[in-house]
Amino acid sequence: MHNYNVFALQQFILHIKGAHVHEMCMHSMMMTYHIIHISTCNINLRLIRLIYFSVHHFYITTCYIHCSTYSRGKEFRTAFQEIHTLKAYFPSVPFAALSGTLTTEQLRTIPSALGLHKPVIIEENPDRPNIFLEVKKKPQADSTVDQYEGIYITECDKLFESPSAYPVTLMYLPLEWCAEASSYCEEKFGGQVALTDCRYGVIFSRQDKVVLDELTNDLKKDTPRVRLVFCTSAVGMGFNAPNISHVIHGKPPRNLSDYFQEIGRAGRSGQAAKATLYYSPRDIASNVPGLKPDIVAYCKTEGCLRETILANYGFSKPASAPTGCNCCSNCKHSCECDSCLLEAVQIMDLASNGT
Ligand SMILES: [Zn+2]
Ligand SMILES: [Zn+2]
C-alpha cells in the first residue's frame with residue numbers, strides 16, 4: 001500500500017486521467033506489465049475480469065483510495081467492499097493501492113478490507129509546506145446568518161476592490177449560503193453579468209453543466225478570470241484548478257481527513273497558498289451529527305496546526321517544514337521574527353492611541 005503525497009498522486013492521476021478503468025503499459029527489463037487503474041467510485045469487476053482474460057499478460061491492479069472511503073455514499077462503499085474479490089480472482093496479480101491521505105487508523109484497517117496479506121507499505125510525509133494553515137473563530141454574531149455573512153461579504157468586497165490582485169479562492173459553504181454569497185456578489189458587481197465576464201462562481205452537485213464547464217475551464221488557465229468560487233463539499237475529486245491560492249471553509253467539515261483533502265486544492269502549482277478554517281462553538285458542539293473529534297481538536301488546539309494534521313497520518317513535522325509565521329496561525333502567535341515583532345509593536349501603538 002502506497003501512501004503518496006498529493007503531488008506524487010496528482011502526477012499518477014495525470015497519467016491515467018479520463019475513464020474509470022484504464023490500462024497502460026509499463027516496460028521493465030524483463031517484461032511488459034499492463035496496469036489497470038480502477039477508480040473506486042465506478043468499479044466494474046466484470047469488465048476487469050474480461051480485460052484480464054482477453055489479454056494474457058501480467059497485471060498490476062491499482063486502486064486509488066480516497067481518504068473518506070467510509071464516509072462517502074452507499075454506492076461508493078458497496079463498490080469499495082467488492083474490491084477484495086479481485087484478489088480472490090487473481091491471487092498472483094500484483095496489487096498496488098494508492099492514497100494521498102490515509103490516516104493511521106485507515107492504514108491499519110484498509111489492507112485487510114482489500115484482501116491484502118502483509119502488504120509492503122511505502123509512505124511519504126504528506127506535508128504541504130507551501131500552504132499556510134489558519135484557524136479563526138467566527139466573529140461573535142447574533143445568528144448563523146451574520147456569521148456566514150461576515151465571511152463572504154469580506155471576501156467579495158476585497159474581490160470587488162481589486163479583482164486581478166485577489167488570489168484565486170475556493171470558499172466552502174453550506175449550499176444555501178453559496179446561493180446567498182453569489183447573490184451578494186451579483187449585487188456588488190452591479191447586477192447580472194455575462195457568464196464569460198463573471199469574476200465569481202458557484203460549484204455544487206446540480207450546477208448547470210454549461211456554467212460548470214465555463215468555470216472549470218477558466219480556472220485551469222494560467223491567469224483565471226474567475227477569482228472567487230463558492231462551493232459545497234460536492235466538488236469532485238477530479239476538480240483540478242492549479243491556480244487556487246486560498247481555500248476558505250465557512251465551517252469545519254466532518255473530519256480532519258476531509259479537511260486535509262479539501263485544502264489540498266490550494267497551491268497545486270507550488271505557489272504560496274493559505275487554508276483558512278472558520279468555526280463557531282456551535283459548529284463543533286458534541287451534538288453535531290457525524291462530527292469527528294479530530295476536527296474539533298484541530299479547531300481548538302493552541303499547538304502547531306501542521307503538527308496536528310500530520311499526526312493524523314502518523315507523521316511529524318519534517319525538518320524542512322516552514323516555521324513561525326510561515327507555518328500556521330498558532331505558530332505565528334509566538335513568532336519573534338523582525339516582521340512579527342514590528343507588527344506586535346504597531347498593534348500596541350494602535351491600542352494605546354485608541355485609549
Ligand atoms: Zn505551525
Ligand atoms: Zn514571524
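Helices in these legends are DSSP runs of H or I with at least four residues, numbered from the N terminus, and the model shown is a predicted one.

**Figure 1. A113 in helix α5.** Residue A113 belongs to helix α5, which covers residues 104-113. Because 16 other C-beta atoms lie within 10 Å, A113 is classed as partly exposed. H84 is 29 residues from A113 in sequence, yet the C-alpha atoms of the two residues are 6.5 Å apart in space.

**Figure 2. K118 in the loop between α5 and β6.** K118 is located in the loop that runs between α5 and β6, the latter being residues 122-123. Although K118 is not a glycine, the residue has a positive phi of about 45°. K118 counts as exposed, because 6 other C-beta atoms are found within 10 Å and the cut-off for an exposed residue is 12 or fewer.

Figure 3. E155 counts as buried because it has 22 C-beta neighbours inside 10 Å, where 20 or more are required. When neighbours within four places in sequence are left aside, the residues in contact with E155 are T169, M171, L228 and I248. Y166 lies 11 residues from E155 in sequence, and the C-alpha to C-alpha separation of this pair is 9.1 Å.

**Figure 4. L173 and the largest nonpolar core.** The largest nonpolar core contains 51 residues, and L173 is among those with the most contacts inside it, together with M171, A181, V229, F230 and C231. Not counting residues up to four places away in sequence, L173 touches Y148, Y152, C178, A181, F230 and G250. In soluble globular proteins, nonpolar side chains tend to be buried together.

**Figure 5. The buried side of helix α10.** Helix α10 spans residues 293-300, and within this helix I295, Y298 and C299 are buried. These residues cover an arc of only 100° around the axis and therefore lie on the same side of α10. The elements that cover the buried residues of α10 include the strands β7 (131-137) and β12 (273-279), as well as the helices α9 (256-263) and α11 (305-312).

**Figure 6. The whole chain, as context for the close-up views.** The secondary structure of the chain consists of 13 helices and 12 strands. Of the 355 residues in the chain, 32% are buried. Among contacts between residues at least 6 apart in sequence, 70% join residues that are at least 24 apart.

Technical notes:
Residues numbered from 1 in each chain as written. Chains lettered and ligands numbered in written order. Predicted model: local features only at pLDDT ≥ 70, side-chain atom pairs only at ≥ 80, totals over all residues. Contact = placed C-beta atoms within 7 Å. Helix = DSSP H or I, 4+ residues; strand = E, 2+ residues; numbered from the N terminus. Core = buried A, V, L, I, M, F, W, Y, C linked by C-beta atoms within 7 Å. Arc of directions from axis to C-beta.
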